[in-house]
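Open the model in your viewer and keep the selection tool ready. This tour goes stop by stop, and each stop says what to pick next.

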Amino acid sequence: MLDRFNGPVTVSDTTLFVAATAGVATYPEAGNTAQSLLQAADTALSLAKRQQRGTLAFYAPHMQQETRARLVVASELRQAVEDRQFEVHFQPIIDIPSRRVVKLEALVRWPHQERGMIPPAEFIPLAEESGLIVPLGRWILQESLRSIATLRQCKGCETLVVAVNISSQQLPAPGFAASIRELLDQYQLPGDALELELTERSLIQDRPEVREVLSELGALGVGLAIDDFGTGYSALNYLRHLPVDLLKIDQEFVRDMGTDDNDALLVQAIISLAHALRIKVVAEGVETEEQLQFLQDKGCDFAQGYLIARPMPFQVLRGFLEGCGTRHG
Ligand code: C2E
Ligand code: CA
Ligand code: CA
């Protein structure tokens, strides 16, 4: 059945690529009523969807526990969003030629009473699945803009930019551009104090409402960056007709640049492609002096990574930026 679903389907002259995912429950191991069997199949299905779409998963009892554990975390997350139990940390991004800090990427963390600091990779997907990403994302934007407004009052930091990650559901949510305009007004910031980091996934579908939001944001002067560039889709079409200002080369390529010739060539090719389109380039995950030198030789514009600084809480950042005009990295 899955094979039959796989592959192109033509619907009124448009070719669509669809795939199915299936969860299977067998009698009597997984249940002995129609209802319990369907429930078990559904549990297996949601696991298959999370782990590998397009495949088939058979129900096993441990899945029930995992689902229950996820439900517990999901309800804690709901409460945490309501109580704003999150922290936004900031990681400096330098302009490579001058080595000055010119931007900060806002990265959210969840300090949890029992489990310590929970990294975003563990709760952002859950927030996306449950729709909580919309209120959480709004709070992150507000915190980020509030922080950058404060920092910009310090000498040498007047033009600092904050880059905020935006999930694919946030962009088409009603009133997204308007809420950004309001936040900029509230903190008396120009549009170019903010940069939004989107993944290719948000742009690839080419939805008219997304295009509209992007052009509204463009009119405000808000910057648009493509995050994790090169890891997702290779359709480059959107680069032609969307107001993209920056590409962020994924840390995966940066990490192996020194040892893998293909990665080095890819990094070089991304920089050339971007520059030909008048798009600037940020390299992520820069951990060594050699990597920074290589990127500088290839004309990469900005760098971010542990070599320069790890993400840090606002108070620590203030110390780090003290005398922001000085060289970092
Ligand atoms: P990302 O946007 O690609 O963020 C970069 C990640 O790389 C961050 O992980 C950062 O701490 C880490 N990193 C920075 N420099 C280095 C380095 O030199 N070496 C290595 N190995 N790692 C480095 P983090 O903070 O755990 O965030 C993980 C992901 O979670 C982010 O990936 C982003 O996709 C997502 N995320 C974080 N904050 C937010 C948010 O506020 N909203 C949304 N929607 N997603 C977020
Ligand atoms: Ca990012
Ligand atoms: Ca990335």
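This is a predicted model: local features need pLDDT of at least 70, side-chain atom pairs count only at pLDDT 80 or more; totals for chains, interfaces and linings use all residues.

Residues are numbered from 1 along each chain as its sequence is written, chains are lettered from A and ligands numbered from 1 in the order in which they are written, and side-chain values use heavy atoms, with hydrogens and water left out.

**Stop 1: calcium, ligand 3**

Donors here are N, O and S atoms within 2.8 Å of the metal, or 3.2 Å for Na, K and Ca; water is not among the atoms, so sites may look incomplete. Asp227 sits in strand S10, while Glu284 sits in the loop between strand S12 (280–283) and helix H12 (289–297), so the pair ties together parts that are 57 residues apart in sequence. Helices (H or I, at least four residues) and strands (E, at least two) are DSSP runs, numbered from the N terminus. Both Asp227 and Glu284 are buried. Buried means under 20% relative accessible area, exposed means over 50%, and partly exposed lies in between (1.4 Å probe, protein chains only).

Now click Asp228. This residue is in strand S10 (residues 223–229). Asp228 is partly exposed, at 26% relative accessible area.

**Stop 2: calcium, ligand 2**

Move to the calcium ion (ligand 2). The two calcium ions, ligand 2 and ligand 3, are 4.7 Å apart, and Asp227 coordinates both. Around ligand 2, select Glu105 (OE), Asn165 (OD1), Glu197 (OE) and Asp227 (OD), which coordinate the ion at 2.1 to 2.4 Å. Along the chain these donors are spaced E-x59-N-x31-E-x29-D. Glu105 in strand S6 (residues 100–112) and Asn165 in strand S8 (residues 161–165) are 60 residues apart, a pair that links distant parts of the chain.

Are these two residues buried or partly exposed? Glu105 is buried, with a relative accessible area of 5%. Asn165 is partly exposed, at 30%.

**Stop 3: Lys248 and its partners**

Select Lys248. Its side chain meets that of Glu197 in a salt bridge (2.7 Å, N to O). A salt bridge is a side-chain nitrogen of Lys or Arg within 4 Å of a carboxyl oxygen of Asp or Glu. Lys248 is in strand S11 (residues 246–249) and Glu197 in strand S9 (residues 194–199), 51 residues apart.

Lys248 lies in S11 and Glu284 in the loop between S12 and H12, so the pair ties together parts that are 36 residues apart in sequence. Lys248 is buried at 1% relative accessibility, and Glu284 is buried at 8%. Now show Glu105, Glu197, Lys248 and Glu284 together: they are linked in a network of salt bridges.

By this rule the count comes to seven salt bridges. One of them joins Arg255 and Asp256, with the closest N and O atoms 3.7 Å apart. Asp256 is partly exposed, at 27%.

**Stop 4: two backbone spots**

Go to Tyr27 and Pro28. A cis peptide bond joins them, with omega about 5 degrees. Pro28 is in the loop between strand S3 (22–24) and H2.

Next, pick Asp13, in the loop between strand S1 (7–11) and strand S2 (14–18). Phi of Asp13 is near 70 degrees, positive in a residue other than glycine. Asp13 is exposed, at 77% relative accessible area.

**Stop 5: contributing helices**

Finish with helix H2 (34–51), helix H3 (61–83) and helix H4 (120–130). Each supplies at least two residues of the lining of the second largest pocket. The largest share, four residues, comes from H3.
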